[in-house]
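Look at the sequence and the structure below before reading on.

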Amino acid sequence: MAEKTIKFEITRRSAPDATPVIEKFEIPHRPGMNITSLLGEVALNPQTVDGKPTTPITYDSNCLEEICGSCAMLINGKARMACSALVDKLEQPIRLEPLSKFPVVRDLAVDRSVLFENLKKVKAWVPIDGSYDLGPGPKQFPQVQEDIASLSPNRS
């Protein structure tokens, strides 16, 4: 039986003003793979589907827990986070492109500085240094509290 593979293509740019090119890849399938692990496989063996050597893909990532949003990119035309986009749930060939609302730095990495500068201007955060009364927080029913607590790995 033939080994199951994952087919994907990436829109790449070597510099912000470079013409985009599409490179196609195919790697062996592993259960539970996300897009981040897919990009890691390319880094281990940077070679296109036709055997041409290439460079590892440039992209952003940080927490790998679907919290920070730094790994966001267009996956099959939809803005998603690479850390939580499971390969088995995506139509192939999987298309990876940089976010379209920000300037491209290289490959899938974009310059989000305008976003962060605008957040600073409107002070769109809650300081956690004790200078702001956070209040009591949202109320939860006892059953919801119990359900959440049961998911904690430190619960005996």
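What follows is a briefing on a predicted model, covering its confidence, its cores, its ring pair, its cysteines and some points of the backbone.

**Confidence**

- The mean pLDDT of the protein is 89, and 96% of the residues reach 70 or more.
- Confidence is highest in strand β5, where the mean is 98.
- The lowest value belongs to helix α3 (residues 142–150), with a mean of 80.

**Nonpolar cores**

- The largest nonpolar core is made of 22 residues.
- Within this core, F8, I35, I94 and L96 have the most contacts.
- Five elements each supply at least two residues of the core: β1 (5–12), β2 (21–28), α1 (35–44), β3 and β5.
- Of these, α1 gives the most, with 4 residues.
- There is also a second, separate core of 6 residues, and A72, L99, V104 and V110 are among them.

**The aromatic pair**

- How many aromatic pairs does the structure hold? The count is 1.
- The pair consists of F8 and F25, whose ring centres are 5.4 Å apart.
- The planes of the two rings meet at 20 degrees, so the pair counts as stacked.
- F8 belongs to strand β1 and F25 to strand β2, so the pair ties together parts that are 17 residues apart in sequence.
- Both F8 and F25 are buried.

**Cysteines**

- In general, a disulfide is a covalent bond between the sulfur atoms of two cysteines.
- How many disulfides does the model have? The count is 0.
- C68 is in no disulfide, and the nearest cysteine sulfur, that of C63, is 3.6 Å away.
- C71 is buried, with a relative accessibility of 4%, whereas C68 is partly exposed, with a relative accessible area of 36%.
- C68 sits in the loop between α1 and β3.
- Not counting residues up to four places away in sequence, C68 touches N62 and C63.
- C68 and M81 are 13 residues apart along the chain, and their C-alpha atoms are separated by 9.4 Å.

- T48 is found in the loop between α1 and β3.
- Is T48 buried or exposed? T48 counts as buried, at 8% relative accessibility.
- The side chains of T48 and D50 are joined by a polar contact of 2.3 Å.
- Leaving aside neighbours within four places in sequence, T48 is in contact with E23, K24, F25 and T54.
- F25 in this list is also one of the two residues of the stacked ring pair.

**Backbone points**

- The peptide bond that runs from Q92 to P93 is cis, and its omega is near 0 degrees.
- P93 lies in the loop between β4 (78–81) and β5 (94–97).
- N76 is not a glycine, yet its phi is positive, at about 50 degrees.
- N76 is placed in the loop between β3 (72–75) and β4.
- The relative accessible area of N76 is 23%, and N76 is partly exposed.
- D107, also a residue other than glycine, has a positive phi near 50 degrees.
- The loop between β6 (104–106) and β7 (109–110) holds D107.
- Is D107 buried or exposed? D107 counts as buried, at 2% relative accessibility.

Note on methods:
Residues numbered from 1 in each chain as written. Heavy atoms only, no water. Buried < 20%, exposed > 50% of the residue type's maximum accessible area, 1.4 Å probe, protein only. Core = buried A, V, L, I, M, F, W, Y, C linked by side-chain atoms within 4.5 Å. Disulfide = S-S within 2.5 Å. Contact = heavy atoms within 4.5 Å. pLDDT = per-residue confidence, 0-100. Polar contact = N/O pair within 3.5 Å; in protein donor to acceptor, adjacent residues only side chain to side chain. Phe/Tyr/Trp six-rings, centres within 6.5 Å; stacked < 30°, edge-to-face > 60°.
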